[in-house]
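Please keep the sequence and the model in view while reading.

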Amino acid sequence: MENYAINNDGFVAHAQQIASPNFDARPNEEISLIVIHNISLPPSQYGGNGIIELFTNRLDPDEHPYYAGIYTHQVSAHFLIRRDGALIQFVSCLNRAWHAGKSNWQSRERCNDFSVGIELEGSDFEAFEDIQYQTLNKLVDCLNNSYPIQAIVGHSDIAPDRKTDPGPFFDWQKLTHHHH
């Protein structure tokens with residue numbers, strides 16, 4: 001299995017790069033947390049460009065009723081893993097992506113400051129693909145080798161009153177590094 005590598009600029013060579021404008025500088029904190037999310041746009045529909053459009057502020061509010069409520073949101077994640085296992089990177093790991101929102105991990109607020117956000121294309125209502133776990137494990141290995149990662153958590157772990165993802169169908173046992 002090939003290894004992923006992150007360069008000094010915080011980019012994974014293996015990933016397709018699609019730049020999101022939705023990021024800013026990290027405060028001076030080490031990258032110590034990986035946050036796993038799920039996302040699908042439109043909800044529970046896979047394979048389209050909705051997620052990319054959301055993270056690049058190009059979502060068309062007229063394309064789907066759901067989009068009308070979210071198209072002005074400025075959000076991003078560092079990585080997206082599609083249903084076919086393809087890896088897309090939107091923000092350098094060295095920068096702060098806007099994925100966690102109001103959050104708390106071990107009494108530390110603002111998890112975006114010290115985390116890397118990974119979105120899996122999926123939902124709370126069905127299983128993820130095996131190849132998504134394969135890509136995720138390679139990515140997590142790579143992040144572990146590059147940064148002092150202390151834990152891997154779900155979005156619901158750091159924002160339990162707001163978020164349910166990665167959801168009941170995410171199988172934590174399929175993670176090689178089982179920090180959860």
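Strand 3 and strand 9 run parallel and are joined by seven bridges, where strands (E, at least two residues) and helices (H or I, at least four) are DSSP runs numbered from the N terminus, and two strands count as paired if DSSP finds at least two bridges between them. Within this pairing, isoleucine 34 stands opposite valine 116 of strand 9. Strand 9 also pairs with strand 4, again in the parallel sense, over three bridges, and here leucine 80 has glutamate 119 of strand 9 as its bridge partner.

This is a predicted model, in which local features need pLDDT of at least 70 and side-chain atom pairs count only at pLDDT 80 or more, while totals for chains, interfaces and linings use all residues. Residues are numbered from 1 along each chain as its sequence is written, and side-chain values use heavy atoms, with hydrogens and water left out.

Strand 9 is mostly covered, with seven of its seven residues buried; buried means under 20% relative accessible area, exposed means over 50%, and partly exposed lies in between (1.4 Å probe, protein chains only). The cover extends to both faces of strand 9, with Ser115, Gly117, Glu119 and Glu121 on one side and Val116, Ile118 and Leu120 on the other.

Helix 3 (residues 130–146) has 17 residues and should span 24 Å at 1.5 Å a residue, which agrees with the 25 Å between its end C-alpha atoms; the expected span is 1.5 Å times one less than the number of residues. Among the buried residues of helix 3 are Tyr133, Leu136, Leu139, Val140 and Leu143. The buried residues of this helix pack against strand 3 (33–39), strand 4 (79–81), strand 5 (87–89), strand 9 (115–121) and strand 10 (151–154), contact being taken as heavy atoms within 4.5 Å.

**Salt bridges**

Side chains of opposite charge can pair when their charged atoms come close. A search of the whole structure finds seven salt bridges, each defined as a side-chain nitrogen of Lys or Arg within 4 Å of a carboxyl oxygen of Asp or Glu.

| Aspartate 24 | Arginine 96 | 2.7 Å |

Glutamate 129 is partly exposed, with a relative accessible area of 36%, whereas arginine 83 is buried at 13%. Glutamate 121 and arginine 82 are both buried. Aspartate 24, for its part, is partly exposed, with a relative accessible area of 26%, and belongs to a network of salt bridges that links Asp24, Arg96, Arg110 and Asp113.

**Cysteines**

How many disulfides are there? The count comes to zero, with a disulfide taken as a pair of cysteine sulfur atoms within 2.5 Å. Cysteine 93 is in no disulfide, the nearest cysteine sulfur, that of cysteine 142, being 7.6 Å away. The sulfur of cysteine 111 is 16 Å from the closest cysteine sulfur, in cysteine 93, which is too far for a bond. Cysteine 93 is buried, with a relative accessible area of 0%, and cysteine 111 is buried, also with a value of 0%.
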